[in-house]
Structure formats: C-alpha cells, structure tokens
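User: I would like to go through a structure with you. Could we take the surface, the helices and the aromatic residues in turn?

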Amino acid sequence: MIDLISIFSAATSGLGSPADIWQAILTDFSKIGTPEALAAFGQVILIDLVFAADNAIVVGALAGGLPADQRRKVILIGIGAALVLRILFALIVVQLLQIVGLVLAGGLLLLWVAWNFYREIFHEGESAGSPEIEGDEHSGVKSTKTFWAAAWAVMAADVSMSLDNVLGVAGAARDHPGILVIGLILSVALMGLAANVIAKYIERYKWIAYLGLAVIVYVAGKMIYSGLVGDEQTIGVLTLFG
C-alpha cells in the first residue's frame, strides 16, 4: 500500500508527502462511519466499478471483429493502456482541479460521459463483441476491421474513459484526500484485475449500472455547482465577475 501511495503522490504536491497521504488515509477511514465519509467512499466505489466495466465492454466491442489472436492482443493493449493512463491522470488531477473553471468543465464532461455510458450499457445497438468479455456484444460500439485500427480506437477510448474515471473519483472525494487516494488506487486495480468480471455482473444486474449512472450525474452536478459559485476548495467562475 505504501509503495502505491508513493507512486500516486510523486507528482501531487497538493496532497503532500507519502507520510501526509498515509495520515490522511488513516484520518478519513477512522471517520468512515460518518455520513459524509461513507457517502464519499460509496460514490467512489460505484464510480470505479462502472468505469472499469465500461472500459472492458468498449475495448471488447472494438476488438470483436478481429481474429482470435489479434483480438486478445488488442484487449491486452487496452487494459495495459488504461492502467498507465489512470496512473498518469491520477498524478496530475489534484493540480488540475485547482485551475479556475476546470471543476466546471470537468462536471460538464461527466454529464456527457453519463449520456454515453447510458447508451453503451443500456443496449442501443448490437456489436460482434469478443468472447473474452461478457456483455460487450450489446454495447452498440462498432467493431473495427484491422488490428491497427482497433488498437488506435482502443487507445483513444482509454484516454477518454481514464480521464473520466479519475475526474469522477476526484469530484466525489475532494473533501476526503485519503478516500481520494484509495479511490484512484482502486480504479487502477479494478481495471487491471477484475474489469471483465465486473462487466459480467453489471450486464446481469442492471441496478448496479443504474446506481452508478445516478452517482456520476450527482457528482457532475456537484462539480458544476462548485465550479460556478465556488466552495472552500474552488474559486467559482461567477465570483470572477462579481
């Protein structure tokens, strides 16, 4: 755990040293029974779950039209790229959220993400899908015809979904730095270790996806409000014109 915290704190001066981050984790989780901390942690878990599933479903769908050996390579590229990108975005998210107007922009982006997530998870079309990923045949995402086209499409999707995942976690846990760090670590772990399993269960139990979608919309609304009027951590855009 300490090594992972060191990785995530290397470029996040806003969260302090590894020792400071470890203390923040201990502080936040010693108060996990409070409504505020419990709500933040629950939101972070749901956001991580639905984005891990969404990432797996999109990657599987994009690779679905390829031969088996190429399909497996593209899926591995997708998972590997998602892991790296989540770490890179996690390293800069604290600084990014300090920029005036970026919390507002992040909230608007999450609203767009929620709409796309709804279309992908709730079956607006059919796809060839990949046997390795359960549920991707209903994504509506069109498979690509060649290995390199699939690889580039997967990389582009990973950039968007990784940024969305990190922004969502950061938006849900901004008042709880310890929960924020654990949420970012969980997002990487779930993508690398359990994305396909999560996709299978979300495909089977739609209420998880509905709940996750509601949380994303809630976090987006909270970020938009904070980005407009400001709060203890954010300078609102409207205050610049007051």
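Predicted model: local features only at pLDDT ≥ 70, side-chain atom pairs only at ≥ 80, totals over all residues.

User: Which residues form the nonpolar patch on the surface?

Analyst: The patch consists of Val197, Tyr201, Tyr205, Trp207 and Leu211, with about 500 Å² of accessible area together. Patch members have over 30% relative accessible area and no salt bridge; like charges are joined within 9 Å, and nonpolar side chains (Val, Leu, Ile, Met, Phe, Trp, Tyr) within 5 Å. A salt bridge here is a side-chain nitrogen of Lys or Arg within 4 Å of a carboxyl oxygen of Asp or Glu. Areas come from the Shrake-Rupley method with a 1.4 Å probe, and for residues only the protein chains shown count as cover.

User: Which helices supply the patch?

Analyst: Helix H8 (195-204) and helix H9 (206-229) each supply at least two of its residues. Helices (H or I, at least four residues) and strands (E, at least two) are DSSP runs, numbered from the N terminus.

User: And where is tyrosine 205?

Analyst: Tyrosine 205 sits in the loop between H8 and H9. Its relative accessible area is 36%, so it is partly exposed; buried means under 20%, exposed over 50%, and partly exposed in between (1.4 Å probe, protein chains only).

User: Which residues of H9 are buried?

Analyst: Among them are Ile208, Ala209, Gly212, Leu213 and Val215. After H9 comes glycine 230, which has a positive phi near 90°.

User: What about glycine 236: buried or exposed?

Analyst: Glycine 236 counts as buried, at 1% relative accessibility. It lies in the segment after H9.

User: Changing topic, how many aromatic pairs are found?

Analyst: A search of the whole structure finds 2. The rings of phenylalanine 29 and phenylalanine 41 have centres 5.2 Å apart and planes at 80°, so this pair is edge-to-face. Rings of Phe, Tyr and Trp (its six-membered ring) pair if their centres lie within 6.5 Å; planes under 30 degrees apart count as stacked, over 60 as edge-to-face and the rest as tilted. Phenylalanine 29 belongs to helix H2 (residues 18-30) and phenylalanine 41 to helix H3 (residues 35-63).

User: What is the geometry of phenylalanine 147 and tryptophan 148?

Analyst: Their ring centres are 5.3 Å apart with planes at 80°, so the pair is edge-to-face. Phenylalanine 147 is buried at 18% relative accessibility, whereas tryptophan 148 is exposed at 62%.

Notes
Residues numbered from 1 in each chain as written. Heavy atoms only, no water.
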